[in-house]
Amino acid sequence: MKPVNFDQPLSNLSPLDGKLFGAVMSDDPEAMAVAIAEGADINATDLDDYTPLITAVQNHKVEAVAFLLRSPGIDVEHEDNLCGMTAEQHAAYYPEESPVRQAFKEFHLARTYHNDPYFSFLTACAKGDLPVVEAGLLSPYIKGLLNNKDRFSQPLLNAVRNGSPACVRLLLEAGADPDIENHSQCDNGLTPPQVAKKNPEISKLLEEYDGKRVEKADIE
């Protein structure tokens with residue numbers, strides 16, 4: 001594997017990008033998140049045209065690979081100048097059961113219905129496609145949008161409207177708000193319990209969850 005020295009005088013990396021690459025080499029997702037939040041380019045390239053993702057794959061930094069693949073804006077198509085390969089092509093040298101290979105499978109699974117993982121997630125919720133929903137929920141990006149009121153459509157509303165109790169339960173356990181109002185054209189202003197009135201099983205599920213939530217709040 002290519003030795004990495006981010007202190008070399010010929011490094012083309014900015015301080016922030018260098019910080020990101022350093023966090024990748026430490027396999028430290030928290031430090032990576034800090035660097036990106038401060039302005040590091042998630043797709044920056046070093047002198048060998050390696051991105052953070054390629055660097056993580058090449059050095060078998062499993063947590064870093066998973067974090068990057070779950071992050072918005074990640075470029076998985078970049079081919080480095082050194083080998084002319086993408087990160088996934090580099091990953092192909094690992095055994096099939098390698099966590100690095102599995103991270104790429106999860107990445108593609110989360111995009112089953114759309115290149116944008118959030119729209120793919122919404123579709124999976126509507127279809128009750130649990131493997132895709134589970135893959136989506138691994139992403140902090142997706143989890144951060146579960147209760148985003150600025151979005152015209154809500155994952156929980158999609159699952160409720162299309163009658164998928166298992167998906168509804170999964171979303172509730174992940175932190176979806178049962179009282180959030182939907183802003184799509186067909187359910188404008190409605191909450192999940194209002195949409196679920198025609199589905200006794202889901203209505204009961206939402207009531208049980210609300211009861212547990214009230215009980216927990218009383219204890220706290």
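Here is a tour of a few stops, from the whole chain down to single residues.

**Stop 1: the whole chain.** Keep in mind that this is a predicted model. Switch to cartoon and you'll find 13 helices and zero strands. Buried residues make up 44% of the 220 residues here. As for how the chain folds back on itself, take the contacts with a separation of 6 or more: 59% of them join residues 24 or more positions apart.

**Stop 2: a pair of helices.** Select residues 29-37, which are α2, and residues 62-69, which are α4. How do their axes cross? They come within 9 Å and cross at roughly 40°, which makes α2 oblique to α4. The crossing is right-handed. Now show side chains: α2 brings Pro29, Met32, Ala33 and Ile36 to the contact, while α4 brings Glu63, Ala64, Phe67 and Leu68. Colour these by type and you get seven nonpolar residues, no polar ones and one charged.

**Stop 3: a loop residue.** Pick Thr51, in the loop between α2 and α3 (52-58). Is Thr51 buried or exposed? Its relative accessible area is 2%, so it counts as buried, the cut-off being under 20%. To see what surrounds Thr51, show Phe21, Asn43, Ala44, Thr45 and His78, its contacts once neighbours within four places in sequence are set aside.

**Stop 4: Leu171 and its helix.** Centre the view on Leu171. Not counting residues up to four places away in sequence, Leu171 touches Phe121, Cys125, Val133, Leu137, Leu146, Pro155, Leu156, Ala159 and Ala176. Then select the rest of α11: its buried residues are Cys167, Val168, Leu170, Leu171 and Leu172. Follow the backbone just past the end of α11 to finish at Gly175, which takes a positive phi of about 110°.

Technical notes: Residues are numbered from 1 along each chain as its sequence is written. This is a predicted model: local features need pLDDT of at least 70, side-chain atom pairs count only at pLDDT 80 or more; totals for chains, interfaces and linings use all residues. Side-chain values use heavy atoms; hydrogens and water are left out. Axes are lines fitted to C-alpha atoms, for helices over the stretch in contact, and angles run from 0 to 180 degrees between N-to-C directions. Helices (H or I, at least four residues) and strands (E, at least two) are DSSP runs, numbered from the N terminus. Angles under 35 degrees count as roughly parallel, over 145 as roughly antiparallel, 65 to 115 as roughly perpendicular and the rest as oblique. A crossing is left-handed if the near helix is turned anticlockwise from the far one by less than a right angle, and right-handed if clockwise. Contact means heavy atoms within 4.5 Å. Ala, Val, Leu, Ile, Met, Phe, Trp, Tyr, Cys and Pro count as nonpolar, Asp, Glu, Lys and Arg as charged, and the others, Gly among them, as polar. Buried means under 20% relative accessible area, exposed over 50%, partly exposed in between (1.4 Å probe, protein chains only).
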